[in-house]
Amino acid sequence: MKKHIAAAVFAAALYTFAGAAHADCGSVSIAEMNWASAGVAANVDKIILQEGYGCSVELVTGDTLPTFTSMNEKGQPDVAPELWINAVRTPLDQAVSEGRLVVAAGILSDGGQDGWWIPKFLADAHPDIKTVQQALEHPELFPAPDDPKKGVIYNCPPGWQCQASLGNLFRALDGEKKGFEIVETGSAAALDGTIANAFEKKTGWLGYYWSPTAILGKYPMVRLSFGVPHDKAEWDACTSVMDCANPKVNSYPVSEVYTVVTKRFAEKAGIAMDYLKKRKWTNDVVNGVLAWQTDNQGTNEDTARYFLKNHEDIWTTWVNPEVAAKVKAAL
């Protein structure tokens, strides 16, 4: 009888501990950033933390610098699911060392990627083209709409930092001498339109783009190598500076993209923090999810639920079976 009583007391203690671990999560504020991949990630976190861990979750509108500043100075919001830290690296390192913020995990396992891309159908048809330099040997594969004798490289919209890097790299690679010209797209929508048009007509396309995005989920593209490693000193001093006098060939940096939380949340969240330390996905997965969002005009919440219903093989590795069961039941 004593053994049975002891076992019952032990089981009750475990149950109480598990409940306390969930309850410790308490109220959580999550930044829903104003770009698609981050918005969907925030809603995935909301569903899992709320349904799986019993947290009370509030989404708040966010953007990189305002959200970081608020977390660093005011301790709110609790969680930034997708923070591109290259923009805030120095103050983030200081905030972490001084105990205000905690880096949980790299949410994009292969990092944010930008660079010069070509359609996959063109890469498959021309397996010899693996670098930007090799692409520039074939202006005929990337014909200008108004002059097929010239090749074109599509630029990012005005005001974006990538205009500086593309222009400098174009000059460093002697793009004009190789029969190419830069086409200014005017807006993100117009840039997307050039890619959609190239796939519709099965014509070549070469230009600047980035991942993860819905467009790359809908239209498979291949990122070309520049044939050299990324030189950060050169990038900071010249590649990223508009109209640099003497640009050299350089590679785009891989952007580090992390989930960042406040120290207060990290200390109170209990096992919910374990989830945020494990939660990560690839660009290919995000691209596909965002393509679904675009095609179905889905909200961030719709798209989060789509991901959870169609990619159990991914997200169930982030949580224990008990939490997974609760989330599945809530869907």
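This report describes the domains, the interface between them, and selected bonds and backbone features of a predicted model.

## Two domains

The protein in this predicted model is divided into two parts, of which domain 1 is made of residues 27–110 together with 256–330, while domain 2 covers residues 112–254. Taken over C-alpha atoms, the centres of domain 1 and domain 2 are separated by 31 Å.

## The interface between the domains

Where the two domains meet, 15 residues of domain 1 are in contact with 10 residues of domain 2. Together, domain 1 and domain 2 bury about 960 Å² between them, and 54% of that area lies on carbon and sulfur atoms. On the side of domain 1, the residues that lose the most area to domain 2 are D110, N283 and N287, which together account for 41% of what that side buries.

The polar side of this interface can be described in terms of residue pairs. Across the boundary of domain 1 and domain 2 there are 5 residue pairs in polar contact, counting pairs in which both residues have pLDDT 80 or more. Helix 13, which spans residues 283–296, gives the most to the side of domain 1 that touches domain 2, contributing 8 residues. Sorted by class, that side of domain 1 has 6 nonpolar, 6 polar and 3 charged residues.

The count of salt bridges between domain 1 and domain 2 is 1. Elsewhere in the list of such pairs, the side chains of D295 and K218 meet in a salt bridge, with 3.3 Å from N to O.

## Salt bridges and disulfides in the whole structure

The structure as a whole holds 12 salt bridges. One of them joins D78 and R264, whose closest N and O atoms are 2.7 Å apart. Because D78 lies in the loop between helix 3 (64–74) and strand 3 (79–84), whereas R264 belongs to helix 11 (residues 263–268), this pair ties together parts that are 186 residues apart in sequence.

A search of the whole structure also finds 2 disulfides. One of these is formed by C156 and C162, with their sulfur atoms 2.2 Å apart, and the link of C156 and C162 is right-handed, with 125° about the S-S bond.

## Backbone features

Most peptide bonds are trans, and most residues other than glycine have a negative phi. Against that background, the following places in the model deserve a note.

D174, a residue other than glycine, has a positive phi, near 55°. D174 is found in the loop that runs between helix 7 (162–172) and strand 7 (180–183).

Technical notes
Residues numbered from 1 in each chain as written. Predicted model: local features only at pLDDT ≥ 70, side-chain atom pairs only at ≥ 80, totals over all residues. Heavy atoms only, no water. Domains from an automatic or database assignment. Contact = heavy atoms within 4.5 Å. Buried area = accessible area lost by both parts, 1.4 Å probe. Salt bridge = Lys/Arg side-chain N within 4 Å of Asp/Glu carboxyl O. Polar contact = N/O pair within 3.5 Å; in protein donor to acceptor, adjacent residues only side chain to side chain. Helix = DSSP H or I, 4+ residues; strand = E, 2+ residues; numbered from the N terminus. Nonpolar A, V, L, I, M, F, W, Y, C, P; charged D, E, K, R; others polar. Disulfide = S-S within 2.5 Å.
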